[in-house]
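Student: I'd like to learn how to read a protein model feature by feature. Could you walk me through this one?

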Amino acid sequence: DQAAPESVIDFQLRWHHQFQFAGYYAALEKGFYREEGLEVRIHAGSPGRQPVKEVLAGRAQYAEGNSEILHQRLLGQPLVALAAIFQHSPSVLIARRDSGIASAHDLIGKRVMLMDGNADADFLTMLLNEGISPSQVNILPSSYDFNDLLSGKVDAFNSYLTNEPFYLRQQQVDFTVIDPRSYRVDFYSDVLFTSEAEVRDNPARVQAFRRATLKGWRYAMEHPAEIIDLLLAKYGVSKSREHLEFEAAAMRSLILPDLIEIGHMNPGRWQHMADAFIKAGLVKSQAALAGFVYDPRPPAAPAWVVPVLLGALLAVGAVLSVAGYFIRVNRRLLSVDAQLREANERLVANLAEISALHKQLQEQAVHDPLTGLYNRRYLDEVLERELARAVREGYPVSVAMIDLDHFKAVNDTYGHKAGDRVLQALGRLLHEQAREGDVPCRFGGEEFVLVLPRMAGDNARRRAEQWREAFAAQATRHGEIEIHCTMSVGLATYPGDATSAEGLLAGADRALYRAKAGGRNRVEAA
Ligand SMILES: Nc1nc2c(ncn2[C@@H]2O[C@H](COP(=O)(O)OP(=O)(O)OP(=O)(O)O)[C@@H](O)[C@H]2O)c(=O)[nH]1
């Protein structure tokens, strides 16, 4: 199928067809260009058809060149390096051993043919690195005729490590190689390049051409015999198969396909080469270097994006970690708060319990547990207090002492439990009959005492009679039995009978004794 016209590409080699350009033939013949939609025409080079000139003139869109493409770029030509096929330059000087030339120093005063003449940065830098001024060497433009070296017309000839040594070995000529790499000059070579306009106007085509070319190179390095067959059959190569095989083998140590991704370019090395051009006095400025090395990655974000994104990421991270910290603290606070609330509730409950217990204890402290009336301790307290107030305010206080009659017999007849019921029944009666201000107490055993403030003796007597009658009239139930019991009462009144608590109790006790002695179930006053 016919490729679109804009995808017809003229590709310029820098020399005659040979294995040196194996990758391009592979890309074409194996259909890698076609797969990318590219129709590629490969043009052999010659002294009159040089790659830089062809690309700058627009006769070729892509080409392969040596370090001269960097030189031209630094001189302002809009060239862009797409891929460095040779990691090290094969370009060396070869001299006949019988010329006595063994090192760069031996070139002083000698005739040296250079392909790029006085513009060859490799060799100029090599000389300068050795402290040799290029003017000390008789540099001649290359005749491209190797016989000039063999015949002794020149002393050193710019050759390719991949090529000329094969002839010399074939003809059994002893030779010396002067390699710029031995003098700290290490240039890329066989560089695929294009124009700035092509990179700008057809970025996808640049990617596609570069991709297919490098695929071709990988194929060629893996299948050299197949490419040699192709060269011999289809490209009219004048070299012999052996020569092409020599070339293929020599190229491996320059392309390093097993070590380096074919086409790899390190911007630092291009920078280093640019430094060499400045040092050699071939260019004055490196300003034009920017943009020369093609970046095969898709258009990258502007330089500020990564730091800004990183900054944003860091900021987000910081915010998240601070937020996380606060969430954790908050969670902890909430749980502490819940624990506090729980503890507080427990405390409140405990306090209520304590308060209830306290109240209970207080009541127990002043109450008799069997009858629920006040106990003797409380009586002592309240009698003193009531007397003091009575003295102060000038009113009477009566004391009634009550004792159950023949209570021992109740216990003995019906049992202690039944006796308790009777005690409780009397307690209930006294409690019910008590007026505001009366203090009914269980004095101990079967004895009860009532403190009756503001009650004169006769009034006290009337009331005591009511209690006695009421009690004698009632029966106490205990299970199936009904117990009838009576009580005796002794009365004493302040201030008539006594003026102290002890005196009043003693007076009431004496009156009670009289009531008992008088037959029981009666009230006596002191
Ligand atoms: N069930 C019971 N009996 C008690 C309690 N306290 C004292 N008593 C008994 O009360 C009785 C008192 O008996 P006494 O002092 O001999 O007098 P009495 O039998 O009541 O005879 P008089 O007082 O002379 O009428 C004793 O048998 C005591 O054991 C009590 O809390 N419960």
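Student: Which residue is the bridge partner of Val80 in β10?

Tutor: The partner of Val80 in β10 is Thr194. Strands pair in a sheet through backbone hydrogen bonds, in a parallel or an antiparallel way. Here two strands count as paired if DSSP finds at least two bridges between them. Strands are DSSP runs of E with at least two residues, helices are runs of H or I with at least four, and both are numbered from the N terminus. Strand β4 (residues 79–86) pairs with β10 in the antiparallel sense over 6 bridges. Strand β3 (residues 62–65) also pairs with β10, antiparallel over 4 bridges, and there Tyr62 has Thr194 as its bridge partner.

Student: Before we go on, what kind of model is this, and how are residues numbered?

Tutor: It is a predicted model: local features need pLDDT of at least 70, side-chain atom pairs count only at pLDDT 80 or more, and totals for chains, interfaces and linings use all residues. Residues are numbered from 1 along each chain as its sequence is written.

Student: Is β10 buried or exposed?

Tutor: A residue is buried if 20 or more other C-beta atoms lie within 10 Å of its own, exposed if 12 or fewer, and partly exposed in between, with C-beta atoms placed from the backbone. In strand β10 (residues 189–195), 7 of the 7 residues are buried, so the strand is largely enclosed by the rest of the structure. Across the protein, 37% of the 526 residues count as buried.

Student: What is the strand order in the open sheet of 5 strands?

Tutor: The order is β7-β6-β8-β5-β9, and the pairing is mixed. At the edges are β7 (138–141) and β9 (175–178), each of which pairs on one side only. The twist averages 35 degrees from one strand to the next; axes are lines fitted to C-alpha atoms, for helices over the stretch in contact, and angles run from 0 to 180 degrees between N-to-C directions. As one case of pairing, strand β5 (residues 91–96) and β9 run antiparallel over 4 bridges, with Ala95 bridged to Thr176 of β9.

Student: How many residues of helix α5 are buried, and what do they pack against?

Tutor: Helix α5 (residues 121–129) is mostly covered, with 7 of its 9 residues buried. Among them are Phe123, Leu124 and Met126. Contact means that the C-beta atoms of two residues, placed from the backbone, lie within 7 Å. The buried residues of α5 pack against α4 (68–74), β5, β6 (111–114) and α12 (267–279). After α5 comes Gly131, with a positive phi near 75 degrees.

Student: Where does Pro134 lie, and which residues does it touch?

Tutor: Pro134 is in the loop between α5 and β7. Leaving out residues up to four places away in sequence, Pro134 touches Leu124, Leu127 and Ile139. Pro134 is partly exposed, with 18 other C-beta atoms within 10 Å.

Student: Which residues of α16 are buried, and on what side are they?

Tutor: The buried residues of α16 are Gly419, Val422, Leu423, Leu426 and Leu430. They cover an arc of only 100 degrees around the axis, which puts them on the same side of α16; the arc is that of the directions from the helix axis to the C-beta atoms. On the other side of α16, Lys417 and Glu432 are exposed.

Student: What is the phi of Tyr144, and what is the phi of Leu256?

Tutor: Tyr144 has a positive phi near 60 degrees, in a residue other than glycine. Tyr144 sits in the loop between β7 and α6 (147–150). For Leu256, phi is positive too, near 50 degrees, and Leu256 lies in the loop between α11 (241–255) and α12.

Student: Which peptide bond is cis, and where is Pro495 found?

Tutor: The bond from Tyr494 to Pro495 is cis, with omega near -5 degrees. Pro495 is found in the loop between β16 (487–494) and α18 (501–517).
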